[in-house]
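Please have the sequence and the model open side by side while reading. The text goes from the overall layout to single residues.

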Amino acid sequence: MQHGFCRNFLDGMAMLIGDLAADEYERFLKLPEFGGSDAVVRLRATCAGRSALVLEDEPVLAGRLVGALQNAGFARIVHVTTGYRALAAATRERFDVIV
């Protein structure tokens with residue numbers, strides 16, 4: 001169940017980044033295809049305490065990605081701008097999600 005729910009989140013994140021402002025995040029997750037009104041609660045419960053590594057060199061897109069992950073409840077988010085730094089970070093520590 002959790003893997004499917006996180007998959008829906010990641011699939012929807014592309015739409016979020018391209019089309020929605022951060023303040024519309026919860027409204028987006030409440031759509032029926034993302035679980036309805038309790039989707040935000042389920043998402044935050046699933047992602048709480050987890051870590052994410054974000055590899056993105058474009059500042060605006062990186063900011064939106066990090067913001068979406070923070071809103072989802074991720075406890076720790078590491079942002080890097082190069083593949084080299086991403087490999088170094090992933091070698092040093094374990095991440096639950098790499099975007």
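Predicted model: local features only at pLDDT ≥ 70, side-chain atom pairs only at ≥ 80, totals over all residues.

The protein has 99 residues, and 35% of them count as buried. Its secondary structure consists of five helices and three strands. Read from the N terminus, these elements come in the order α-α-α-β-α-β-α-β. Contacts between residues 24 or more positions apart make up 65% of the contacts with a separation of 6 or more.

In general, the strands of a sheet are paired by backbone hydrogen bonds, in either a parallel or an antiparallel sense. Here three strands form an open sheet in the order 2-1-3, and the pairing is parallel. Strand 2 and strand 3 (97–98) are the edge strands, each pairing on one side only. Strand 1 (residues 51–55) is joined to strand 2 (residues 76–80) by five bridges, and the two run parallel. Towards strand 3, strand 1 pairs over two bridges, again in the parallel sense. Four of the five residues of strand 1 are buried, and the strand is described as mostly covered.

Individual bridge partners let the reader trace this pairing residue by residue. Ser 51 has Arg 76 as its bridge partner in strand 2. On the side of strand 3, Ala 52 stands opposite Val 97, and Leu 53 has Ile 98 as its bridge partner.

Helix 4 lies across both strands and runs at about 170° to strand 2. With 14 residues, helix 4 reaches 20 Å from its first C-alpha to its last, close to the 20 Å expected at 1.5 Å a residue. The N-terminal end of helix 4 is capped by Glu 58, which has a side-chain oxygen 3.0 Å from the backbone nitrogen of Val 60. After helix 4 comes Gly 73, with a positive phi near 105°. Which residues of helix 4 are buried? They are Ala 62, Leu 65, Val 66, Gly 67, Ala 68, Leu 69 and Ala 72.

Helix 5 (residues 83–92) also lies across strand 1 and strand 2, and runs at about 160° to strand 1.

Ser 51 is in strand 1. Is Ser 51 buried or exposed? Ser 51 counts as buried because its relative accessibility is 7%, and the cut-off for buried is under 20%. Beyond its neighbours within four places in sequence, Ser 51 is in contact with Phe 74, Arg 76, Arg 94, Phe 95, Asp 96 and Val 97. Among these contacts, Arg 76 is also the bridge partner of Ser 51 in strand 2.

Val 97, another of those contacts, lies in strand 3. Val 97 is buried because its relative accessible area is 15%. Val 97 and Ile 77 are 20 residues apart in sequence, while their C-alpha atoms are 9.4 Å apart in space.

Ala 90 gives a view from helix 5, where it is placed. Why does Ala 90 count as partly exposed? The reason is its relative accessibility of 37%, since partly exposed covers the range between the buried limit of 20% and the exposed limit of 50%. Setting aside neighbours within four places in sequence, Ala 90 is in contact with Leu 53 and Phe 95. Ala 90 and Leu 53 are 37 residues apart in sequence, and their C-alpha atoms are 7.9 Å apart in space.

Methods. Residues numbered from 1 in each chain as written. Heavy atoms only, no water. Buried < 20%, exposed > 50% of the residue type's maximum accessible area, 1.4 Å probe, protein only. Contact = heavy atoms within 4.5 Å. Pairing = 2+ DSSP bridges. Expected span 1.5 Å × (residues − 1). Polar contact = N/O pair within 3.5 Å; in protein donor to acceptor, adjacent residues only side chain to side chain. Axes fitted to C-alpha atoms, helices over the stretch in contact; angles between N-to-C directions.
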